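Hi everyone, thanks for making time. Let me put the sequence and the model up, and then we can walk through them together.

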Amino acid sequence: MGSKPFNVLLKGPLLPQRLQDNLDAHFTTSRLWQQEDQAAWLVQHGASIDALVTSGNALMGANAALLAQLPNLKVICSNGVGYDAIDIATAEARGIVVTNTPGVLNSCVADTGMALLLDVARRISASDRYVRAGDWQAKGRYPLTTKVGGKVCGIVGLGGIGKDLAKRAQAFDMDVHFYNPRSRPDVPYTRHESLLSLAKQADFLVLTLPGGASTHHLVNADVLRALGPKGFLINIARGSVVDEQALIAALEAGEIAGAGLDVFEHEPAVPAALLQRDDVVITPHLASSTHETMAAMADLVFENLLAFSQGEAVLTRVV
Ligand code: 8YV
């Protein structure tokens, strides 16, 4: 290890270059993914690591096996708001501080949710393919699509992202309803006591809740049936929140009208059954991936680690 006092392990190549450059400039850094034999490297150097920088992406995170290899770890700084890929219970038990990046990504994630909603309702991607395939000339007018204005936008999980989504839905003349375990007296939207009740009422069910064990497969066959044959599912949360097989079955049976999906159960794998459908819009977990938001997230990760390394309070602490 080098001479700078704080040893930082970078988990994977998905970390923004701007963050990697900042970390290199201020700390002694190691890149786990660049080690030829990661297990051997961890055995040799794991005990010297003070900080782990990772992301909320399922391929990154920080699981129990990795944490066990870092016995003197003091802080985990994650590039993302969701921390379901991090073993929070172990971190808490060992007194390891965990930080994430809430707030700075809300507007871009909400934009993506609205884009998926508009796209699947108005068939923007599907009709783009129609034109490119020469079908406009060969087959004539594209089939009619679904109006968004006046419809119920049902938001599941009304945190920062959900609230930004609600503002956008209102701007599109939608009626906003929501389901959130805690009441939200600060918002003017209609609250439902259960997810089933919201799904029944919603024309578009938009998922903005956290992933993890407590929300695993929350959207199941019953919820999809409640959403109904004119209802659309939009997922900008985590793939784990939706029972993907139940979603495919519901689409194939015409039990729901379509889906806009940025996240999947086994990323980067997307089931072939979804890829073939024009009533499904698919993006590759890109909701926060703009130059501006990734820079803001990268800086927040760095500021958290810098504060911790200087003995100051971190800015956005999970535990
Ligand atoms: C990813 C996200 O973490 O913030 C989250 O929870 O899902 C995303 O922002 C981001 O793409 C970093 O890889």
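Which residues does UniProt list for "domain: D-isomer specific 2-hydroxyacid dehydrogenase catalytic"? The unreviewed entry gives residues 29–318. A word on the ground rules: this is a predicted model, where local features need pLDDT of at least 70 and side-chain atom pairs count only at pLDDT 80 or more, while totals for chains, interfaces and linings use all residues. Residues are numbered from 1 along each chain as its sequence is written, and side-chain values use heavy atoms, with hydrogens and water left out.

UniProt positions are in the numbering used here, feature names are shortened, and annotations may be inferred rather than shown by experiment. Residues 29–318 are 37% helix and 15% strand, with end C-alpha atoms 23 Å apart. Helices (H or I, at least four residues) and strands (E, at least two) are DSSP runs, numbered from the N terminus. The unreviewed entry also annotates residues 114–287 as "domain: D-isomer specific 2-hydroxyacid dehydrogenase NAD-binding". That span is 36% helix and 16% strand, and its end C-alpha atoms are 11 Å apart.

Now the ligand. It sits in the largest pocket. A pocket here is an open set of points on a 1 Å grid over the protein atoms alone, where a 1.4 Å probe fits, with protein on both sides within 12 Å along at least five of seven lines; sitting in one takes more than half of the molecule's atoms within 2 Å of its grid points.

There are 13 residues around the ligand, and Val-81, Gly-82, Arg-238, His-285 and Ser-288 come nearest; being near takes a heavy atom within 4 Å. The shell divides into four nonpolar, eight polar and one charged, with Gly counted as polar.

One is 2.7 Å from a backbone N or O atom of Val-81, and a polar backbone atom of Gly-82 is 2.8 Å from a ligand oxygen. In His-285, a side-chain N or O atom lies 2.7 Å from a ligand oxygen. Taken alone, the ligand exposes 330 Å², and the protein buries 91% of that (Shrake-Rupley, 1.4 Å probe).

Two backbone details to finish. Glu-267 and Pro-268 are joined by a cis peptide bond, omega about 5 degrees, and Pro-268 is in the loop between strand E11 (258–261) and helix H12 (272–275). Arg-123, though not a glycine, has a positive phi of about 60 degrees.

How values were computed
Polar contact = N/O pair within 3.5 Å; in protein donor to acceptor, adjacent residues only side chain to side chain. 1 Å grid on protein atoms, 1.4 Å probe; cavity = no way out; pocket = protein on both sides within 12 Å on 5 of 7 lines; lining within 4 Å.
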